[in-house]
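Good morning, and thank you for coming. I would ask you to keep the structure in view while I speak.

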Amino acid sequence: MSKMLYHFLVNSFLVVTNHNYKLAFKIGTYTDNALNNAKADPAILVLYNFFHPLFVNFTAAYNAWKLQKNQGVGGTLTLTQLFDGLTDKLNIWESQILVFYTKKTNPGFKALFPQGHKPFQNGTQETKIEAVKNLSDGMIGIAGLASVKSDVDAYYALFMAAFNTHQGQDSGIGTASDLVETQRVNLCNGLQWVLGGLTQKYYTNLLQIANFIDIQSMQSGEQTEWVKKKLKALSHFNIFERTLLPTDQIRIKVTGPDALQFYWTLNANDAVGATSLIIPAGAEETHNADEFGDVLNNHFFNVNNPAGTVGSYEVELL
């Protein structure tokens, strides 16, 4: 009897998005939009109501992680500045939404602002931030408000990241990546649940499932982000195999306590060769691919941890 795990018992969403938050976001967005567009069908509505909250939670964690990774959250906008600017942003959003609905008595407009500006201006910081999130959720699936929703989502992401930093809950990229990884797993488990429901609904015509699952991205999407939390001491590890041009850029952040060494090799398990680049602990640097070695003849990008402590890093192809 085969000891291999039967493929139907493997969550493919978890496998293809492992350490690839960008792909998880892309696949999740596809399914969330597809379910939302078809939720007039009672069977699809059940799937949407289950999946959408999982997608929202992942999106918030993913956006917060990206903001921390790219610019250091709170570096340009503090929590106080965001709250101070909320009224102006709210007035802009309201005017743009009013252009779409033409008058404030329109049921669609009233659904977005059932209590006017009150939830955004009164209460705790948490309730004000939640009001921004509720405004975004209310515009889901409304094509004419897509640009407004994008602006609201961006402001909400800034709010969440700055709030976490202000509360002392953010210990850096490591904490944020822990959160987004937890939400990735929840998202993928939700996608598997949705797939089961779609299989029951379309069991006589399984091709219909492709309308709700981004199969193309799952099959062909290349990973561009890698996160490693526990790189063993005094060890080397292959991060990815890829054919790159000398001028292609690689962003690296060393999140562990010691410097790490990055380099190209001919084989996945090769040790450090003649050329490599050392990135100090806590540093975030972007380099051309050829700075790590002979990228034209070597296609395995590796990391070496010369320290006696566990290392960690983030790598992204730009």
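Let me begin with a definition: a residue is called buried when its relative accessible area is under 20%, exposed when it is over 50%, and partly exposed in between, with a 1.4 Å probe and protein chains only. What you see is a predicted model, in which local features need pLDDT of at least 70 and side-chain atom pairs count only at pLDDT 80 or more, while totals for chains, interfaces and linings use all residues. Residues are numbered from 1 along each chain as its sequence is written, and side-chain values use heavy atoms, with hydrogens and water left out.

I turn to two loop residues. Thr 102 counts as exposed because its relative accessible area is 62%. Thr 102 lies in the loop between helix H4 (79-101) and helix H5 (107-112), and its phi is positive, at about 70°, although Thr 102 is not a glycine. Helices here are DSSP runs of H or I with at least four residues, strands are runs of E with at least two, and both are numbered from the N terminus. Leu 234, in the loop between strand E1 (225-231) and strand E2 (235-241), also has a positive phi, near 55°. Is Leu 234 buried or exposed? Leu 234 is exposed, because its relative accessibility is 64%.

Next, the interior. A nonpolar core is a set of buried Ala, Val, Leu, Ile, Met, Phe, Trp, Tyr and Cys residues joined through side-chain atoms within 4.5 Å. Which members of the largest core touch the most other members? Among its 29 residues, they are Leu 35 and Leu 198. Helices H2, H3 (42-71) and H9 (173-201) are the elements that each give two or more residues to this core, and H3 contributes the most, with nine. A separate second core has 25 residues, including Phe 109, Ile 129, Tyr 155 and Ala 162.

Leu 35 belongs to the buried residues of H2, as do Ile 27 and Thr 31, among others. Beyond its neighbours within four places in sequence, Leu 35 is in contact (heavy atoms within 4.5 Å) with Ile 44, Leu 47, Tyr 48, Phe 51, Val 194 and Phe 212. In an α-helix there are 3.6 residues a turn, so residues three or four places apart point the same way.

We come to the pocket. A pocket, on a 1 Å grid over the protein atoms alone, is an open set of points where a 1.4 Å probe fits, with protein on both sides within 12 Å along at least five of seven lines; lining residues have an atom within 4 Å of a point. The largest pocket holds about 670 Å³ of space, where volume is the space filled by probe spheres set on the points, and points are joined across faces, edges and corners. H2, H3, H7 and H8 each give two or more residues to the lining.

Lys 149 sits in helix H8 (residues 146-166). Lys 149 is buried because its relative accessible area is 18%. Not counting residues up to four places away in sequence, Lys 149 touches Ser 136, Met 139 and Ile 140. Ser 136 is itself one of the buried residues of H7.

Finally, strand E3 (residues 249-254) has five of its six residues buried. Thank you for your attention.
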